[in-house]
Amino acid sequence: MNPPNQTADQFSQFPPPHFTLTPPLPNPIPIPIPIPIPISIPTPTPTPTPNPTPISIPNPNLNATPLTDHLLSFPVPKKRRRGRPQRSASTSSFQFLTFPNGSFNQNLPNSNPNYNSISSSTAATTQATQPNIADEIVVINKESTAEARTALSAGFPADSLTEEEIDFGVVSSVGGIEQVNYILIRNHIIAKWRENITNWVSKDMFVDSIPKHCSRLLDSAYNYLVTHGYINFGVAPAIKEKIPAEPSKSNVVIIGAGLAGLAAARQLMRFGFKVTVLEGRKRAGGRVYTKKMEGGNKVSAAADLGGSVLTGTLGNPLGIVAKQLGASLFKVRDKCPLYQMDGSPVDPDLDMKVETAFNRLLDKTSKLRQLMGEVAMDVSLGAALETFRQVYRDAVTEDEINLFHWHLANLEYANAGLVSKLSLAFWDQDDPYDMGGDHCFLPGGNGRLVQALAENVPILYEKIVHTIRYGSDGVQVMVGSQVYEGDVVLCTVPLGVLKSGSIKFVPELPQRKLDGIKRLGFGLLNKVGMLFPYVFWGTDLDTFGHLTEDPSRRGEFFLFYSYATVAGGPLLLALVAGDAAHRFETLPPTDAVTQVLQILKGIYEPQGITVPEPLQTVCTRWGGDPFSLGSYSNVAVGASGDDYDILAESVGDGRLFFAGEATTRRYPATMHGAFLTGLREAAHMAQFAKARTARKKIARSPSNNAHSCASFLLDLFREPDLEFGSFSVIFGRKNADPKSPAILRVTFSDPRKKNQEGSKTDQQHSNKVLFQQLQSHFNQQQQLHVYTLLSKQQALELREVRGGDEMRLNYLCEKLGIKLVGRKSLGPTADSVIASIKAQRGVRKPSSTPLALKSGTSKLKTGTLKQKFIRRAKIVRHTKGLILLQL
């Protein structure tokens, strides 16, 4: 037996930088918008695409160096998840902002080609002044480039904040030097832990390397990374030791012991919560299932009948867990020969010709959806491919058509869905977030990960949940006649179970979430596992394929995986995808095995190789499994990446949470995606628990906390969630329920104030901070604020009222019947809402006014226009000397 192709120590190396990818449509792909930081990441030099066209970005500073001089463009292969590697895959061009000689120039405009930069007319004045120490970029070490790569592998933009970081309040003001320093510190902490993932990284380890004036940023970065599970996670002994012996916080019920549920359970236990996991099966792991197959003469092998391949190892959290277990990963080799129906090998030239044509058609569909716009949401990928195939006649002979359908089967395997049901617009919306690196097997099976993650986690097996009740007092989870009570509940059941309605939610889930569950697709993949007495297929490959004549059966045993090098024995897995996977559910196992053996004999017996009878076989039935009802999610026609976000939203003011592969738009249909959502929701649950604790304190002593709430309210309304006319609104940003509470403020201003402001439009104060303080004091003396408590939906309806503030006020009082009161009359209920919002936003201070705003009198209307991952100001036009900004 030839030695396996081992990829050792995959996680000490990090991927080339993955930067902004221009999306096919302006909808679902959140695009990082970089802010320059003092690093220069060298770019790999692959074969360039023919005549790459740099995207021109307007530069408001005519004397500045053109931005295109700093943009490097390089092609990145567009990966088709799983299955056979695409040898001539299409490429997407990434734009990457770099700095000559590693220098940092704050005057460079934003690097995102879809965004114009803010005019820096005041930058020269700012640079001319003597900066204080807080305005300097910290120098931690000389490895900022490598540390930025590490942050990229962990899912962070190298030089920007994620929306999650902004909501956590990691910096007092978004943008500027403070943010740059935070990013450098954040990247440094991540890189430090990645150097030795078996250790617990403490904050004290960085005190000597981080300047004292950045200690608050160190606290912020460290707390964020630990809370959200970006560092110090996994199963290393030093990390397991941090789980307290006795819980000190409230009860959490987790439904499902798959990767999402196990990740959340371990993290919550470390936070000090009392955790109970309810699992319907007799085992942990969910759709990750490693079965030990055994035959005579002590022949055995570990067969991954569910999730089997780690798709991308660079930064993959499950790869990190594997390394903590001391396991090495084995790369799935690229060699994948194809065989005809009669067992004869497919001509390599014909194989390459059809594969190239198939990839070319996929590229044409990408261009088509850009031309179609939103209409592409209602068109299937399969319809577009077939239309182009007929128009361009890329596969016309019988052999070519059979090969073409094999590639369609491979695509249906990758998406667990029929191409006729995949969205043309968004079927590959997660491509920009690919982990990067090789696809790998874990020797001994992924059950090793499950076993390690389930260790010492309180799991109750064979507990089939049928009802989940949630409300202001907590949650109740019904299992038969048993009731499990808790403060919150995390539901990690697969999308197929949610679609079936087998679990009743009381009250019913919001219509928004029900619609998202309905729109997303949930497909099927099945396998036949066969343990043989010896390896007869050779050890120089890990995959080979088989063609069929019937297009409706193209996914039937179309791909074989050899696990002989990693399973501990001579094991083959035959895959069944697409329509064939559904028919396979009712096919007797003996018939399925017979068909597979006929295929294998047709391939190998003409070569003089005898195919032995298998020692043991197993056939999966994931579609009929009541605890999964399918395999993994996809973006069906009519759906988009937004639906993954909708499924991830919590319900009931932080009582009911959701995790699993169908709740992440970045990494759906992957094992690591499920794992990451568990860490994500553990952080969210901890934040809501903190908010509830704050509300309880206020409820116990409302008089003592009245002044605190008044101070909180003043602080929160400096950055309202909605602002229109004289009305502004704040609400909990993590609660998508339209019935969730919000606080409305109406400002009545003295007319003299407007006249005074108008007369000073063109006057500028050299000390802008002093000017803002004076203006704030003046406004407090001249303004009257009145408030009310209403729902988020009512606030949104009020915003849509036309006719100005007078009509809105009439609608508020007459239509909605809501009374406006002073701050002291809001009552304890409003105090509780204020405390909750404050706890969600963290300790973030009000953002300082952008430079472009300081030079005029226009006011930024934030509304609800927030980028999914990055928030940054953008000039849209100049009107009568005023700079209008868009977030």
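Select H546 to begin: leaving aside neighbours within four places in sequence, H546 is in contact with Y339, Q340, M341, W406, F557, F558, F560 and I599, where contact means heavy atoms within 4.5 Å. The model is predicted, so local features need pLDDT of at least 70 and side-chain atom pairs count only at pLDDT 80 or more, whereas totals for chains, interfaces and linings use all residues. Residues are numbered from 1 along each chain as its sequence is written, and side-chain values use heavy atoms, with hydrogens and water left out.

H546 belongs to strand β20 (residues 543-546); strands (E, at least two residues) and helices (H or I, at least four) are DSSP runs numbered from the N terminus. With a relative accessibility of 6%, H546 counts as buried. Buried denotes under 20% relative accessible area, exposed over 50%, and partly exposed in between, with a 1.4 Å probe and protein chains only.

Next, select T365 in helix α9 (residues 348-372). T365 is likewise classed as buried, at 1% relative accessibility. Not counting residues up to four places away in sequence, T365 touches L381, A384, L385, F388 and L424.

For a contrasting case, move to I609, in the loop between α16 (589-604) and β23 (616-619). I609 has 26% relative accessibility and therefore counts as partly exposed. Excluding residues up to four places away in sequence, I609 touches F536 and Y604. Display the C-alpha atoms of I609 and F536: they are separated by 7.0 Å, although the two residues lie 73 residues apart along the chain.

The nonpolar cores come next. A nonpolar core is a set of buried Ala, Val, Leu, Ile, Met, Phe, Trp, Tyr and Cys residues joined through side-chain atoms within 4.5 Å. The largest has 83 residues, and Y413, F505, Y561 and L656 have the most contacts inside it. Helix α11 (residues 398-415) gives the most to this core, with 7 residues. A second, separate core of 82 residues includes I185, F206, A257 and V275.

Now select helices α2 (residues 144-153) and α4 (residues 177-195), which pack at an angle of about 80° with their axes 8 Å apart. Axes are lines fitted to C-alpha atoms, for helices over the stretch in contact, and angles run from 0 to 180 degrees between N-to-C directions. The pair α2 and α4 is therefore roughly perpendicular, the class for angles of 65 to 115 degrees. On the α2 side, the contact is made by S144, E147, A148, T150, A151 and S153; on the α4 side, by L184, R186, N187, H188, I190, A191 and R194.

Finally, display the open sheet of 4 strands, in the order β15-β14-β13-β17 with mixed pairing; two strands pair if DSSP finds at least two bridges between them. β15 and β17 (504-506) stand at the edges, each with a single partner strand, so one side of each has no neighbour in the sheet. From one strand to the next, the twist averages 15°.

Within this sheet, β13 (residues 467-471) and β14 run antiparallel and are joined by 5 bridges; I468 stands opposite V477 in β14. Strand β14 (residues 474-479) also pairs with β15 (residues 482-486) in the antiparallel sense, over 5 bridges, and the bridge partner of Q476 in β15 is E485. End at the hairpin formed by β14 and β15, with 2 residues between them, where G480 in the turn has a positive phi of about 60°.

How values were computed: Parallel < 35°, antiparallel > 145°, perpendicular 65-115°, else oblique.
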